[in-house]
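This report goes through the strand pairing and the ring contacts of one structure. The sequence and the coordinates come first, and the description follows.

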Amino acid sequence: MQLVVATNADAALPPAFYWKSKLPTTPMPKAITDLLQPDWKEEKDTSVDVGKGGVNVGVEKGNQGPGDGTDVNVGGGDGGVNVHTGPKGKPVHVGVGPHSPFDYNYAASETQLHDDPNVALFFLEKDLHHGTKLNLHFTIYYTSNGDATFLPRSVSDSIPFSSNKVNDVLNKFSIKDGSDEAKTVKNTINECEGPSIKGEEKRCVTSLESMVDFATTKLGSNNVDAVSTEVTKKDNELQQYTMAPGVKRLGEDKASVVCHKENYPYAVFYCHKSETTKAYSVPLEGADGSRVKAVAVCHTDTSKWNPKHLAFQVLKVQPGTVPVCHFLPQDHVVFVPK
C-alpha cells in the first residue's frame, strides 16, 4: 500500500481526524482514545489553553483503597508502579527510579529491585503459550490530570522539549525547579535525548499526529494495526492470570513500532522501531474470572541492552541469550503492518 504523506491541510486537522485521514482502516485503540480531549472525539475544531497553571506530574492523589500492607501495581503513565504503603497512606506514583523499564540503556534502580518479585512484568518467550500462569496486576489508566491528554501538533511543537530549555518547560507549566515533578520532567526529556539501542530507531513524539507519522514512516505503510492492552474489569487486584487459548502473533514476521507512554504534563510517547521485536495478542483469564486482552512484546536480540537491566535481574538471564518479553501497560501502543 502506498504511504500517504502529510500536507499542510492535514496539519490543521484535530488529532482524531488526522488519525482517520491517515489510518482510515485502523480502529483507534483505547490507549489513544483515553488521551483525546473530549471535544476532539466529536467536534471538528477546538481551542487549547496551555498557559501557566498548576500541573502535578507523576503524583497521584486520592484516598487509600481497602487493604493493608504494601500493594505493588504494574502499569501507570511511564510503566512505573503504584505503591500503597498502608491503610492511611496516600498512593504515590513511583517512576521506577529515574528511568522507564522500557528504556533498555539503563540499569535497574534500587526501587525496581525491591518491588514485589511476583509481579511478572518481564517473562521469557518460551513461556508464551496456553496454560502459563503469571502473577499480575493490571491497572486501569485514568487521565486524572487533564493536561496529560494529547495536544494538537501545532500547540505541542510550540512548547520547548529539550534539556537546553527545561527551565522554559517548568515555567510554562508552573512546576517548581527541584520538585519531584521537575525531576520527572527532566528524566523524561533526558530519556528522549538519550542514545538509541543499536538496531533500533527511536523518537519521542509529543502529539498524536507525530506518532502516526513516525509509525507509518518507519513501517513504510498506512495499512497498519494499532493495538493496546484492554482490561474489562475496573477493580482488578494482584492475582494469578492464566494464558488462555488463542495466543497470536501480530504482524507476522515484520517489524513493529512500540510507543510507551511517558510521565509528562501532556501526552508524550517514547516510540521505537526494531527489526528484532515481535508482538503478540495474549488472552488472559484471572483467578477471579476477569479477562484481559493483553499485548505482549518480545525482544529477540537483547545483546545491546544494559547488562544490569531489570529484565535480566528478574529473569536471571544474560544479555543476548534468550528472547525477553513483557506485557504492555494499557496506555502503551504497538503498531504492526496488516
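Tyr-241 stands opposite Gly-286, a residue of β13. The model is a predicted one, in which local features need pLDDT of at least 70 and side-chain atom pairs count only at pLDDT 80 or more, while totals for chains, interfaces and linings use all residues. Residues are numbered from 1 along each chain as its sequence is written, and side-chain values use heavy atoms, with hydrogens and water left out. Strands (E, at least two residues) and helices (H or I, at least four) are DSSP runs numbered from the N terminus, and two strands are taken to pair if DSSP finds at least two bridges between them.

Strand β9 (residues 239-243) pairs with β13 in the antiparallel sense over 3 bridges. Strand β10 (residues 248-250) is likewise joined to β13 by 3 bridges and runs antiparallel to it; here Arg-249 stands opposite Tyr-280 of β13. Arg-249 also lies over the face of Tyr-280, at 6.0 Å from the ring centre, where a charge counts as sitting over a ring if NZ of Lys or CZ of Arg is within 6 Å of the ring centre and within 35 degrees of the ring normal.

Between β13 and strand β14 (residues 291-299) there are 9 bridges, and the two strands run antiparallel; Lys-278 has Cys-298 in β14 as its bridge partner. The two strands form a hairpin with 4 residues between them, and Gly-289 in the turn has a positive phi of about 95 degrees. Of the 10 residues of strand β13 (residues 277-286), 7 are buried (under 20% relative accessible area, with a 1.4 Å probe and protein chains only), so β13 is largely enclosed by the rest of the structure.

## The five-stranded open sheet

An open sheet is formed by 5 strands in the order β6-β12-β11-β16-β7, with antiparallel pairing. At its edges stand β6 (200-205) and β7 (224-227), each of which has a single partner strand, so one side of each is left without a neighbour in the sheet. From one strand to the next the twist averages 20 degrees. Within this sheet, 3 bridges join strand β11 (residues 256-261) to strand β16 (residues 333-337), and Val-257 stands opposite Phe-335 in β16.

Helix α9 (residues 208-219) lies across β6, β7, β11, β12 (269-274) and β16, running at about 165 degrees to β6; axes are lines fitted to C-alpha atoms, for helices over the stretch in contact (heavy atoms within 4.5 Å), and angles run from 0 to 180 degrees between N-to-C directions.

## Aromatic pairs and a charge over a ring

A search of the whole structure finds 7 aromatic pairs, where rings of Phe, Tyr and Trp (its six-membered ring) pair if their centres lie within 6.5 Å, and planes under 30 degrees apart count as stacked, over 60 as edge-to-face and the rest as tilted. Phe-123 and Phe-327 form a tilted pair, 4.9 Å centre to centre with 35 degrees between the planes. Phe-123 belongs to strand β4 (residues 122-124) and Phe-327 to strand β15 (residues 324-327), 204 residues apart, and both residues are buried.

The rings of Phe-150 and Phe-269 have centres 5.8 Å apart and planes at 15 degrees, so this pair is stacked. Phe-150 lies in the loop between β5 (133-136) and α6 (153-156), whereas Phe-269 lies in strand β12, so the pair ties together parts that are 119 residues apart in sequence; both Phe-150 and Phe-269 are buried. Ring pairs also link Phe-161, Phe-173, Tyr-264 and Tyr-266 into a cluster. Arg-153 lies over the face of Tyr-18, at 5.3 Å from the ring centre.

How values were computed
Buried < 20%, exposed > 50% of the residue type's maximum accessible area, 1.4 Å probe, protein only.
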